[in-house]
Amino acid sequence: MASANAKLLDLDGVAQAFDRAARALYGKDAPVEVEFESPRNRDFGDYAANVAFKLAKTAGKPPQAIAAEIAERALRDVPALAETITEV
């Protein structure tokens, strides 16, 4: 049970880093609510976040480009995330 709680805390920390990065890139009022889910296709990793899809329409950019920007900013701001984020 302790490892499940530790994993949850790790995801919360990643969500907070993504939230801060998205708001830094797209403004403090950006429609950001970072949520994680398990992707339907396991080839896409252990978790997927929805934040890039929510920002795509207002930002006028493809979700993949937004995801890359957010991940890059979050990794720059919190280098320890490199141990958690392996692919965008």
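Which residues form one aromatic cluster? In this predicted model, local features need pLDDT of at least 70, side-chain atom pairs count only at pLDDT 80 or more, and totals for chains, interfaces and linings use all residues. Residues are numbered from 1 along each chain as its sequence is written, and side-chain values use heavy atoms, with hydrogens and water left out.

The cluster consists of Phe18, Phe36 and Tyr47. A pair of aromatic rings is described by the distance of the centres and the angle of the planes. Rings of Phe, Tyr and Trp (its six-membered ring) pair if their centres lie within 6.5 Å; planes under 30 degrees apart count as stacked, over 60 as edge-to-face and the rest as tilted. A search of the whole structure finds two such pairs. In the tilted pair, Phe18 and Phe36 stand 6.2 Å apart, centre to centre, with 45 degrees between the planes. Phe18 belongs to helix α1 (residues 2-26) and Phe36 to strand β1 (residues 36-37), so this pair ties together parts that are 18 residues apart in sequence. In the other pair, the ring centres of Phe36 and Tyr47 are 6.4 Å apart and the planes meet at 75 degrees, so the geometry is edge-to-face. Here Phe36 in strand β1 is linked to Tyr47 in the loop between β1 and β2 (48-49), eleven residues away.

Buried means under 20% relative accessible area, exposed over 50%, and partly exposed in between (1.4 Å probe, protein chains only). Phe18, at 10%, is buried. Phe36 is partly exposed at 27%, and Tyr47 is partly exposed at 37%.

The chain has three helices and two strands. Both kinds of element are DSSP runs, numbered from the N terminus: helices are H or I with at least four residues, strands are E with at least two. Their order from the N terminus is α-β-β-α-α. Of the 88 residues in the chain, 25% are buried. The accessible surface comes to about 6,200 Å², and carbon and sulfur atoms hold 53% of that area; the areas come from the Shrake-Rupley method with a 1.4 Å probe, and for residues only the protein chains shown count as cover. Contact means heavy atoms within 4.5 Å. Among contacts with a separation of 6 or more, 39% join residues 24 or more positions apart.

Helix α2 (residues 51-59) has buried residues at Val51, Ala52, Leu55 and Ala56. Down the helix axis these fall within an arc of 135 degrees, so they line one face of α2. The arc is that of the directions from the axis to the C-beta atoms. Exposed Phe53, Lys57 and Thr58 sit on the face turned away from the buried side. Just after α2, Gly60 adopts a positive phi of about 70 degrees.

Asn50 lies in the loop between β2 and α2. Asn50 is buried, at 17% relative accessible area. A polar atom of the Asn50 side chain is 3.1 Å from the backbone nitrogen of Glu35. Beyond neighbours within four places in sequence, Asn50 contacts Glu33, Val34 and Glu35.

Confidence is given by pLDDT, the predictor's score for each residue, from 0 to 100. The chain mean is 81, and 84% of residues reach 70 or more. Confidence is lowest in α1, at a mean of 74, and highest in helix α3 (residues 63-77), at 92. Residues 1-9 have pLDDT below 50, and this stretch has one contact in the model beyond near neighbours in sequence.

How values were computed: A polar contact is a pair of N or O atoms within 3.5 Å; within protein, one must be able to donate a hydrogen and the other to accept it, and residues adjacent in sequence count only if both atoms are side-chain atoms.
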